[in-house]
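Subject: Structure handover

Hello,

Here is the structure for you to look over. My notes on it follow below.

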Amino acid sequence: MSLHPTLQPYADAWTHSIEAISELVLPLVEADWNRRTPCPGWSVRDIVSHVIGLDCEMLGDPRPIHSLPRDLFHVTNEQQRYMEMQVDVRRHHTAPEMTSELEYTVIRRNRQLRNESRDPGTKVRGPLGADLTLEESMRGHAFNVWVHEQDLRAALGAPGNLDSPGAHVARDVLLAALPSVVAERADAPRSSAVVFDVHGPIEFLRTIRVDIQGRGTLETVPALGPAASLTLDWETYVRLACGRVTPESVADRLKTEGDQELAAAILRNFPVTQ
């Protein structure tokens, strides 16, 4: 293997998730491809199209030349338009066309990963022309593909892989976003702390401490007398953080203590991706 050891966990996570997606969709009849998923505006076909498109861009393929319809209600900004292009261009593809393209794309990506010898700090082009390191690109890609695997599982009634390699990548990505959610977006009081107690297939207890300048930091030491604490299961945490559900719809799976206004502000601002 020529892949740098730092990148191997992200390659492993992608491989695990993409194989799971392939197994999920291979036996589907045509009607199942039109099932709605928790991802706003996207069907099973759309999710698979998006995943194929993401991997094609990781391969360096040119983006499709395609005009989007004007009536896509879920497309409201430039980033969504960018992501929708790979989806809409495949909206009329049949089930065999979808599965064969997915299989071919996976073969090509596996070959690319086997031959990947670049340093993790190598600059690569990301979505919308963003300048990312190879490590950031592969981490984000592993995270996205696992989240979309979960979208498909929800749509198809096939739960699983909540503790897979991709789930562990997702945990780290979502935890890295917590200081911004608490300190900046929810405007938690300065010199305060908020505790997150997450249980289930992946468990963690983390504190976001807000300093006197209003900056948030992630700590593993539980805070004594936090301003607020939130207790929830891992699946609910993911669904909230990825904008798949509202706090109101999962209120029975959430427990908040302390400053209820602060807890509500955190939950309102919890989504870090959609």
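In which helix does Asp151 lie? Asp151 lies in helix α5; helices here are DSSP runs of H or I of at least four residues, strands are runs of E of at least two, and both are numbered from the N terminus.

Two points on the source. This is a predicted model, in which local features need pLDDT of at least 70 and side-chain atom pairs count only at pLDDT 80 or more, while totals for chains, interfaces and linings use all residues. Residues are numbered from 1 along each chain as its sequence is written, and side-chain values use heavy atoms, with hydrogens and water left out.

Asp151

Asp151 is buried, with a relative accessible area of 2% (buried means under 20%, exposed over 50%, partly exposed in between, with a 1.4 Å probe and protein chains only). Its side chain makes a polar contact of 2.7 Å with the side chain of Arg244. A polar contact is a pair of N or O atoms within 3.5 Å; within protein, one must be able to donate a hydrogen and the other to accept it, and residues adjacent in sequence count only if both atoms are side-chain atoms. Leaving aside residues up to four places away in sequence, Asp151 touches Thr37, Pro38, Cys39, Ile47 and Arg244, where contact means heavy atoms within 4.5 Å.

The expected span is 1.5 Å times one less than the number of residues. The buried residues of α1 include Tyr10, Trp14, Ile18 and Leu24. Among the elements that cover them are α2, α4 (95-114), α5 (134-156) and α6 (165-185).

Helix α2 (residues 44-58) has 15 residues and reaches 21 Å from its first C-alpha to its last, close to the expected 21 Å. Of these residues, 13 of the 15 are buried, so α2 is largely enclosed by the rest of the structure. After α2 comes Gly60, which has a positive phi near 90 degrees.

α2 packs against α3 at an angle of about 110 degrees, with the axes 8 Å apart. That makes the two helices roughly perpendicular (65 to 115 degrees; under 35 counts as roughly parallel, over 145 as roughly antiparallel and the rest as oblique). Axes are lines fitted to C-alpha atoms, for helices over the stretch in contact, and angles run from 0 to 180 degrees between N-to-C directions. Asp46, Ser49, His50, Gly53 and Glu57 of α2 meet Tyr82, Met83, Gln86 and Val87 of α3.

Gln86 sits in α3 (residues 78-88) and is buried, at 5% relative accessible area. Beyond residues up to four places away in sequence, Gln86 touches Ser49, Gly53, Glu57, Arg63 and Pro64.

The sheet

5 strands form an open sheet with mixed pairing, in the order β5-β4-β3-β6-β7. β5 (216-219) and β7 (254-258) stand at the edges with a single partner strand each, so one side of each has no neighbour in the sheet. From one strand to the next the twist averages 15 degrees. Two strands count as paired if DSSP finds at least two bridges between them.

Strand β3 (residues 192-199) is mostly covered, with 6 of its 8 residues buried. β3 pairs with β4 (residues 204-210) in the antiparallel sense over 7 bridges, and Val198 has Phe204 as its bridge partner there. The two strands form a hairpin with 4 residues between them, and Gly200 in the turn has a positive phi of about 120 degrees. β3 runs parallel to β6 (residues 228-233), joined by 6 bridges; in β6, Leu230 is the bridge partner of Phe196.

Two helices lie across strands of the sheet. α6 lies across β3, β4 and β5, at about 30 degrees to β4. α8 (residues 260-268) lies across β3, β6 and β7, at about 140 degrees to β7.

Two loop residues

Asn161 is not a glycine but has a positive phi of about 60 degrees. Asn161 is in the loop between α5 and α6 and is partly exposed, at 21% relative accessible area. Ser191, also not a glycine, has a positive phi of about 60 degrees. Ser191 is in the loop between α6 and β3 and counts as exposed, at 55%.

Regards
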